[in-house]
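Please prepare a short briefing on the structure shown below.

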Amino acid sequence: MTAIKTAISIDEQLFQGVENLASEMQVSRSQVFALAVEEYLRRHQNQKLLQAINEAHADGPDEAEIELRRAWRRSQRRLVEGEW
């Protein structure tokens, strides 16, 4: 993977926090920033996926899905009735 240098401006307190974390983790500041951005991107992608899933199910189940659930419940009930 090719590394690309970039410059950013951050608050001094945040910079000090990154310095402390890098020292504690025994990694470079660049590594801390890279890990933080990877985590942020992962969270953002997960949030977009959740939003898409919620939008897909916003209208609720259609009649075919409702009937399928009923059939599953009947089948499950038959399977466990003999166990009790």
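Is Ala36 buried, partly exposed or exposed? Ala36 has 44% relative accessibility, so it counts as partly exposed (buried is under 20% relative accessible area, exposed over 50%, partly exposed in between, with a 1.4 Å probe and protein chains only). The model is predicted: local features need pLDDT of at least 70 and side-chain atom pairs count only at pLDDT 80 or more, while totals for chains, interfaces and linings use all residues. Residues are numbered from 1 along each chain as its sequence is written, and side-chain values use heavy atoms, without hydrogens and water.

**Position of Ala36**
- Ala36 belongs to helix H2.
- From Ala36 to Arg77 the C-alpha distance is 48 Å, with a sequence separation of 41 residues.

**Helices H1 and H2**
- The axes of H1 (residues 12-25) and H2 come within 9 Å and cross at roughly 105°, so the two helices are roughly perpendicular (65 to 115 degrees).
- In H1, Phe15, Val18, Glu19, Leu21, Ala22 and Met25 meet Arg29, Val32, Phe33 and Leu35 of H2 (heavy atoms within 4.5 Å).
- The residues of this contact comprise 8 nonpolar, no polar and 2 charged.

**Largest pocket**
- The largest pocket holds about 620 Å³ of space (a pocket is an open set of points on a 1 Å grid over the protein atoms alone, where a 1.4 Å probe fits, with protein on both sides within 12 Å along at least five of seven lines).
- Its lining has 16 residues (an atom within 4 Å of a point), and Ile4, Thr6, Ser30, Phe33 and Ala34 lie nearest the centre.
- Helix H2 (residues 29-56) supplies the largest share of the lining, 6 residues.

Notes. Points joined across faces, edges and corners; volume = space filled by probe spheres on them. Helix = DSSP H or I, 4+ residues; strand = E, 2+ residues; numbered from the N terminus. Axes fitted to C-alpha atoms, helices over the stretch in contact; angles between N-to-C directions. Parallel < 35°, antiparallel > 145°, perpendicular 65-115°, else oblique. Nonpolar A, V, L, I, M, F, W, Y, C, P; charged D, E, K, R; others polar.
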